[in-house]
Amino acid sequence: MKLKAFGVCFTVSFPAIAFLAIAIICDRKGTVLLCLIASFMHEAGHILAMLLKGAKLKSVRFNLGDVAIDTESTTLSYDDEIFISVSGVFTNLILSLFSLLFFLFFKLSFCYNFFIVNLLIALFNLLPIRFLDGGQLLLFLLKKHFSIKTCDIVINILTVVFVVPVGVLGFIFVFNSSYNFSLLFAALYLIST
């Protein structure tokens, strides 16, 4: 599905639409919808940061498991790239804080669930894994001081060091939490990328 708005081409892949439809239909507690909203806000944080730093968006592609944001070739400083990398996580942390405050004042379970979802998305994205925000952030920080080859070696080693425990925890959660596959799927996604 394609849509063009404000000069930006937005594309959603069929597998992403199918998976989300099935997940929302099967979800009894509304957690998938909260995750979808938090993920959308995460990506909106990146897009806003790109626009603030003068990048011109060309396309945004929503695929199964990731979002690819393409910009026209503009030269951004390392500091700008760092700002853009942390902006999604920062957005989730801000949403998490406000959700917690709303929960403490109004005692709405929805707010508590949104707090947890945003906090987990922020923490997950901070992992120093190549295709997550934490890995991109670390890559930009390392590029300031080391060669690209050294940076790639460090990021690849850290990716393996962090993906393996996530995978092991995923298997443990499958058997100890009445077959909750979410962390295992996340580990498989990280391995496949």
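Here are some notes on this predicted model, going from the overall fold to a few individual residues.

1. **Ground rules.** Numbering starts from 1 along each chain as its sequence is written, and side-chain values use heavy atoms, with hydrogens and water left out. Because the model is predicted, local features need pLDDT of at least 70 and side-chain atom pairs count only at pLDDT 80 or more, while totals for chains, interfaces and linings use all residues.

2. **Overall fold.** You will find seven helices and four strands here, in the order β-β-α-α-β-β-α-α-α-α-α along the sequence. The radius of gyration is 18 Å, close to the 16 Å from the globule rule for 193 residues, so the protein is as compact as a globular protein of that length. Helices (H or I, at least four residues) and strands (E, at least two) are DSSP runs, numbered from the N terminus. The radius is taken over C-alpha atoms, and the globule rule is 2.2 Å times the number of residues to the power 0.38. The C-alpha trace spans about 45 × 40 × 40 Å along its principal axes.

3. **Inside and surface.** Of the 193 residues, 34% count as buried; buried means under 20% relative accessible area, exposed over 50% and partly exposed in between (1.4 Å probe, protein chains only). The protein exposes about 12,100 Å², and carbon and sulfur atoms supply 73% of that area (Shrake-Rupley method with a 1.4 Å probe; for residues, only the protein chains shown count as cover). Among contacts with a separation of 6 or more, 53% come from residues 24 or more positions apart, where contact means heavy atoms within 4.5 Å.

4. **Charges.** There are 13 positive and 10 negative side chains, and the centres of the two sets lie 3 Å apart. Lys and Arg count as positive and Asp and Glu as negative, with His and the chain ends not counted; each charge is placed at NZ of Lys, CZ of Arg, CG of Asp or CD of Glu.

5. **Helix α4.** This helix covers residues 109-125, and its 17 residues should span 24 Å at 1.5 Å a residue; the end C-alpha atoms are 24 Å apart, which agrees. The expected span is 1.5 Å times one less than the number of residues. Its buried residues are Cys111, Phe114, Phe115, Val117, Asn118, Ile121, Ala122 and Asn125, and their cover includes α2 (31-52), α3 and α5 (133-143).

6. **Asn92.** This residue belongs to helix α3 (residues 78-106) and is buried, with a relative accessible area of 0%. Beyond its neighbours within four places in sequence, Asn92 contacts Ala38, His42, Asn118, Ile121 and Ala122. Asn118, Ile121 and Ala122 are also among the buried residues of α4.

7. **Leu142.** Sitting in helix α5, Leu142 is buried at 14% relative accessible area. Apart from neighbours within four places in sequence, Leu142 is in contact with Cys151, Val154 and Ile155. Between Leu142 and Val174 there are 36 Å in space, C-alpha to C-alpha, with the two 32 residues apart in sequence.

8. Ser59 lies in strand β3 (residues 57-63) and is buried at 13% relative accessible area. Not counting residues up to four places away in sequence, Ser59 touches Val8, Cys9, Ala68, Ile69 and Asp70. Arg28, in the loop between α1 (14-26) and α2, counts as exposed at 84% relative accessibility. Arg28 and Ser13 are 15 residues apart in sequence and 25 Å apart in space, C-alpha to C-alpha.
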